[in-house]
Amino acid sequence: MKNYCIVTLLFSLFVSKVMAQESYSDLTNEAIHIINVEEETKYQKAYQMIEDAFETFPDSIDGTGLYYASNLNAMMKNYDKAFEYLIPLAAMEKDEEGYPGWSYVLDEYAQEDYKNLMSDPRWKTLKQQAQKDSLVFFQNLKQSEDEFFKTSGETLSPKNKGLYKAIQTYNPYITKKQSDYSITLNINDSTSTSYHVHLPDNYDPMQKYSMLFFLHGAVGYGTLDKYQIPEVNLSGWNRYYKKYGDVNNVVLIFTSANKQYNWMTSDDGFFMIPEIVKSVKKAINIDDNKIFITGHSNGATGSFSYLMKAPTDFAGCYGFNTYPKVFTGGTFVENMTNRSFINFSTNQDYYYPPNANDQMDSVMLSLNMDYKDYRYEGFPHWFPKFDESEPAYQLLFEDLNKRTRNPFPTSISWEFDDNNYANIDWLSAMKLDTLQVQESWQKEINFTIDQWQQYNKEDSLITIDVHKEAFSFPRKSGKVIAKYENNTFEIKTSCISSLAINISPEMVDLHKKVKVFINQKLYFNGKVKYDKEFMYTSFEQNRDRSQVWVNQIKLEL
């Protein structure tokens, strides 16, 4: 089930035991010795050490130990012993890491871990019971998910009188039975993944909560998990998200991606996070102006990508060991005028080198962007693993607490090369016209990286000379710069054929005419009325009770 080599399994087992009980130190030293002996003697010695541990410390026997014992005996073809340990392991409701016992028999790794047992009649019996346990597990998961989405039943419709105010004050939320939920997310008709919602203690449905997304790294090796394990998501490298999320009453969201459906290398999965935002808002009282996104490595690059391509939902973005680049299109750094980004970088990072981060800092400073890089000396790419990363999380949550999205900014600058990402706050439905000649004010911003860091054959981090552009621009883009004041919108466009302006009474006086000038030409001069159908449809699409649109001005250029 856990896809590690036996050496790694042994090492992690006994390191964890040493942490729990000092009397396991001798066993740890012996395990280290076993790791270095010849292959043909390794398994028997390792097993003997585990059995000694079981006999000496019977109260410490856990799922991890049972797994090692059953796996080692299966490989050594000691079938009776293998089943002796595997049967109680499979019967566990969950092990110390949160994994259900049946998963050790049914997960894909079991095919390799226990291949020598599969011709034994006992395996068939064990598998049948595991299938029954799995069915009950997923039935309980479905009941939990149904409970998560249960509300008071309060509804909205276009027939509501005072629909605008009704949306702003809409609160169908009720108390929840749990703090942690595993929720299914459908990607298409045949593919799904899941996400984990962690609620603060004593969640109060009458109170609005900040929400923070965490995006994991290594998307090329990730899986679309059928269910989430809270113990995994809230511990290890993520331990400080839980610590400071709970202290600050922040709803935490963890999700799973793979090589095809993710937030960095593929647009096929980029919709997942905005979809989860909308989904969670149906069940939990979220402050629309206090939604944030963070991640590590590929996840940090994903956070940066939402800033560049789809930031409307978010108040701010963060990343640990970020590669600040959009990998599916152009990186238009002036889009950062709309939101903020804080990066926590290290000086020993093969993923993105310190000199490139320094250059990025200089570019952001020259553009007066809300961008900050905190550098931590002496740490590699896996910085969150270290206890010394805790101050970075303190900075993150300090920023989160004081930062709030402005749902109606008076000015917007937006550049894009894909019509799927042609929406930002009150500008929407923008369309590219790449046959036009770009305006002189639409400039490509880039810089050259001259040095990179990588590991050599001796696993030493070395610096090499390179000559690579920080960003790539595979497609022609369009750009819009817009502002409003005193019921007047002034817009400049480059390579744009059409656009729409979402209207809120927070932005304009609906009793007066609204004027729209595009490229110094008057395109609209008239009053805008409340449109209940549009208002309702818009709310259903984004579930945003703060950024409420009452109508839209559509314009062809």
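**View 1. Lining of the second largest pocket.** By class, eleven nonpolar, eleven polar and six charged residues make up the lining of the second largest pocket. The model shown here, as in every view below, is predicted. The second largest pocket holds about 850 Å³ of space. Its lining counts 28 residues. Nearest the centre of this pocket lie Thr312, Asp313, Asn423, Gln541 and Asn542. H16 gives the most, with five residues.

**View 2. The largest cavity.** Three cavities of 30 Å³ or more are found in the structure. The largest cavity has a volume of about 90 Å³. Helix H13 (298-309) and strand E9 (411-416) each supply at least two lining residues. E9 has the largest share, three residues. By class, the lining of the largest cavity divides into six nonpolar, four polar and six charged residues.

**View 3. Leu307 in helix H13.** Leu307 lies in helix H13. Leu307 has a relative accessible area of 0%, so Leu307 is buried. Ile293 is 14 residues away from Leu307 along the chain. The C-alpha atoms of Leu307 and Ile293 are separated by 9.2 Å.

**View 4. A nonpolar surface patch around Trp237.** Four residues are labelled: Trp237, Tyr350, Trp382 and Tyr455. Together they make a nonpolar surface patch of about 370 Å². Trp237 sits in the loop between helix H10 (230-233) and helix H11 (239-247). Its relative accessibility is 38%, so Trp237 counts as partly exposed.

**View 5. The salt bridge between Arg239 and Asp387.** Side chains of opposite charge can pair when their charged atoms come close. A search of the whole structure finds 24 salt bridges. In one of them, the side chains of Arg239 and Asp387 meet at 3.0 Å, N to O. Arg239 lies in helix H11, and Asp387 in the loop between strand E8 (371-380) and helix H15 (390-402), so the pair ties together parts 148 residues apart in sequence. Arg239 has 22% relative accessibility and therefore counts as partly exposed. Asp387, at 54%, counts as exposed.

View 6. The side chains of Lys281 and Asp544 meet in a salt bridge at 3.9 Å, N to O. This pair links distant parts of the chain. Lys281 is in helix H12, while Asp544 is in the loop between H16 and E18. The two are 263 residues apart. Both Lys281 and Asp544 are buried. The pair belongs to a network of salt bridges that links Lys281, Asp288, Arg405, Asp544 and Arg545.

**View 7. The salt bridge between Asp399 and Arg403.** The side chains of Asp399 and Arg403 meet in a salt bridge. The N to O distance is 2.9 Å. Asp399 is buried, and so is Arg403.

**View 8. Asn487, a residue with positive phi.** Asn487 has a phi near 65°. This is a positive value in a residue other than glycine. Asn487 is placed in the loop between strand E13 (478-485) and strand E14 (488-494). The relative accessible area of Asn487 is 9%, under the 20% limit, so Asn487 is buried.

View 9. Arg543 is not a glycine, yet its phi is positive, at about 55°. The loop that holds Arg543 runs between H16 and strand E18 (551-556). Arg543 has 10% relative accessibility, so Arg543 counts as buried. Asp544, the partner of Lys281 in a salt bridge, is placed in the loop between H16 and E18 as well.

Definitions and conventions. Residues are numbered from 1 along each chain as its sequence is written. This is a predicted model: local features need pLDDT of at least 70, side-chain atom pairs count only at pLDDT 80 or more; totals for chains, interfaces and linings use all residues. Side-chain values use heavy atoms; hydrogens and water are left out. Patches are made of residues with over 30% relative accessible area and no salt bridge: like charges are joined within 9 Å, nonpolar side chains (Val, Leu, Ile, Met, Phe, Trp, Tyr) within 5 Å. Accessible areas come from the Shrake-Rupley method with a 1.4 Å probe; for residues, only the protein chains shown count as cover. Helices (H or I, at least four residues) and strands (E, at least two) are DSSP runs, numbered from the N terminus. Buried means under 20% relative accessible area, exposed over 50%, partly exposed in between (1.4 Å probe, protein chains only). On a 1 Å grid over the protein atoms alone, a cavity is a set of points where a 1.4 Å probe fits but cannot get out, and a pocket is an open set with protein on both sides within 12 Å along at least five of seven lines; lining residues have an atom within 4 Å of a point. Grid points are joined across faces, edges and corners, and a volume is the space filled by probe spheres set on the points. Ala, Val, Leu, Ile, Met, Phe, Trp, Tyr, Cys and Pro count as nonpolar, Asp, Glu, Lys and Arg as charged, and the others, Gly among them, as polar.
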